[in-house]
Amino acid sequence: MKKIPIFITLIIGLLFTSCERNNNPVYPYEAEVLGPNMDCGIYQIRITNNLDKAIEKVGISVVAGIYIAENLPVDLQQEGITIVLDIREPKPSELGVCTAMGPSYPWLHVINAKLK
């Protein structure tokens, strides 16, 4: 009879320790808002944390870490603030038109963002 409680405790312990935990944060990137891009009028950001992972998602930038942030919430469109966000590569329908008068930065789509 003593073997049954020990066996049940062992099974419960294995279930809790073997479950996969998702440690991905909701806001895996940190960025500085740089202000509106002179070509497109859309705010640009500089990724300051997890730049390598951002490059894997949306591609490399001409100037390290600067991207045009499509879908940046209006309340975060303030030059100089630091934000945390989640991003993805934009769909072709989400890309805008730029004048090509200045440096060309890659676009990214902001999924979620908030003030740090």
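The points below go from the overall layout to the core and the strands around it.

1. A word on the basis: this is a predicted model, where local features need pLDDT of at least 70 and side-chain atom pairs count only at pLDDT 80 or more, while totals for chains, interfaces and linings use all residues. Residues are numbered from 1 along each chain as its sequence is written, and side-chain values use heavy atoms, with hydrogens and water left out.

2. The protein chain has two helices and five strands, in the order α-β-β-α-β-β-β from the N terminus. Helices (H or I, at least four residues) and strands (E, at least two) are DSSP runs, numbered from the N terminus.

3. Of its 116 residues, 34% count as buried, meaning under 20% relative accessible area with a 1.4 Å probe, protein chains only.

4. The largest nonpolar core has 19 residues, and I45, L72, I83, L85 and L108 touch the most other members. Such a core is a set of buried Ala, Val, Leu, Ile, Met, Phe, Trp, Tyr and Cys residues joined through side-chain atoms within 4.5 Å. Another core, of six residues, lies apart from it and includes L34 and W107.

5. β4 deserves a look: five of its seven residues are buried. β4 pairs in the antiparallel sense with β1 over four bridges and with β5 over six bridges; pairing requires at least two DSSP bridges between two strands. L85 in β4 is the bridge partner of Y29, and R88 stands opposite H109 in β5.

Conventions: Buried means under 20% relative accessible area, exposed over 50%, partly exposed in between (1.4 Å probe, protein chains only).
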